[in-house]
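Here is a set of questions and answers for a reader who is new to this structure. Each answer ends on the value or name asked for.

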Amino acid sequence: MLVHFPVALLTVGWLADLFAYVRGRKQGSVVGWWNAVAGTAGVLASAASGLMAKSAAGALPVMPAAALSDHEQLAFASSVAFLLLIGWRFSCRRELPPGSPRLFLLLTGAALLLLWITAHIGGTLVHEFGVGVIAAPRP
């Protein structure tokens, strides 16, 4: 369940920032900031829980192992992207960067795309391959 929060928070934060930029409303930017902070913390917590789950999982068949490798690499890339974006935003006193709000929104959208792809692969690993699912004992 932990992995769902950053996807939702970062998406809502980006939409709030986009709304704030288009409509010129600072309140949306405040909502965007706090969602981005909570979502980035959630991305880091999700990545940590994923690494712990991987170490407990043991060996996997070839197909899920390849998908797991893709998932892990994308999770790392999206984690780094959101850390850099939150750092940039923090340096601008939590506001959208005054000189380049469009670039910031575009880069955040790209990082979100990475996160959504990561989430999709993670869902595939769980629902199609049963990775991380504890099998029920047979009667």
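A cavity is a set of grid points where a 1.4 Å probe fits but cannot get out. The model discussed here is predicted.

Q: How many cavities of 30 Å³ or more does the structure hold?
A: A cavity counts here as space where a 1.4 Å probe fits but cannot get out. With the cut-off set at 30 Å³ or more, the structure holds 1 cavity.

Q: What is the volume of the largest cavity?
A: The lining of the largest cavity has 14 residues, and those closest to its centre are Leu 10, Ala 36, Phe 82, Phe 104 and Thr 108. The volume of the largest cavity is about 110 Å³.

Q: Which elements each supply at least two residues of the lining of the largest cavity?
A: The lining of the largest cavity divides into 8 nonpolar, 4 polar and 2 charged residues. The elements that each supply at least two residues of this lining are H1, H2, H3 and H4.

Q: What is the volume of the largest pocket?
A: The largest pocket is lined by 34 residues, and Val 3, Ser 46, Gly 50, His 71 and Gly 122 lie nearest its centre. The elements giving two or more residues to this lining are H1, H2, helix H3 (62–91) and helix H4 (101–127). The largest pocket has a volume of about 1000 Å³.

Q: Which element gives the most to the lining of the largest pocket?
A: The residues of this lining divide into 20 nonpolar, 12 polar and 2 charged. The element that gives the most, with 9 residues, is H2.

Q: Is Ser 29 buried or exposed?
A: Ser 29 has its place in helix H2. Leaving aside neighbours within four places in sequence, Ser 29 is in contact with Ala 16, Asp 17, Ala 20, Arg 89, Arg 94, Glu 95 and Leu 96. Buried means under 20% relative accessible area. Ser 29 has a relative accessible area of 6%, so Ser 29 is buried.

Q: What is the phi of Arg 93?
A: Most residues other than glycine have a negative phi. Arg 93 is found in the loop between H3 and H4, and at 73% relative accessibility Arg 93 counts as exposed. Although Arg 93 is not a glycine, its phi is positive, at about 60 degrees.

Q: Where does Arg 94 lie?
A: Arg 94 has a positive phi of about 70 degrees although it is not a glycine. With a relative accessible area of 41%, Arg 94 is partly exposed. Arg 94 lies in the loop between H3 and H4.

Q: How many Å apart in space are Val 3 and His 127?
A: Val 3 is found in the segment before H1, and at 45% relative accessibility Val 3 counts as partly exposed. In sequence, Val 3 and His 127 are 124 residues apart. In space, C-alpha to C-alpha, the two are apart by 14 Å.

Q: How many Å apart in space are Leu 113 and Ser 55?
A: Leu 113 has its place in helix H4 and counts as partly exposed at 47% relative accessibility. Leu 113 and Ser 55 are 58 residues apart in sequence. C-alpha to C-alpha, the distance between them in space is 27 Å.

Q: What part of the 139 residues is buried?
A: The C-alpha atoms fill a box of roughly 60 × 25 × 20 Å along the principal axes. The accessible surface comes to about 8800 Å², of which 72% belongs to carbon and sulfur atoms. Of the 139 residues in the protein, buried residues make up 33%.

Methods: Residues numbered from 1 in each chain as written. Predicted model: local features only at pLDDT ≥ 70, side-chain atom pairs only at ≥ 80, totals over all residues. Heavy atoms only, no water. 1 Å grid on protein atoms, 1.4 Å probe; cavity = no way out; pocket = protein on both sides within 12 Å on 5 of 7 lines; lining within 4 Å. Points joined across faces, edges and corners; volume = space filled by probe spheres on them. Helix = DSSP H or I, 4+ residues; strand = E, 2+ residues; numbered from the N terminus. Nonpolar A, V, L, I, M, F, W, Y, C, P; charged D, E, K, R; others polar. Buried < 20%, exposed > 50% of the residue type's maximum accessible area, 1.4 Å probe, protein only. Areas by Shrake-Rupley, 256 points an atom, 1.4 Å probe, with all protein chains shown as cover. Contact = heavy atoms within 4.5 Å.
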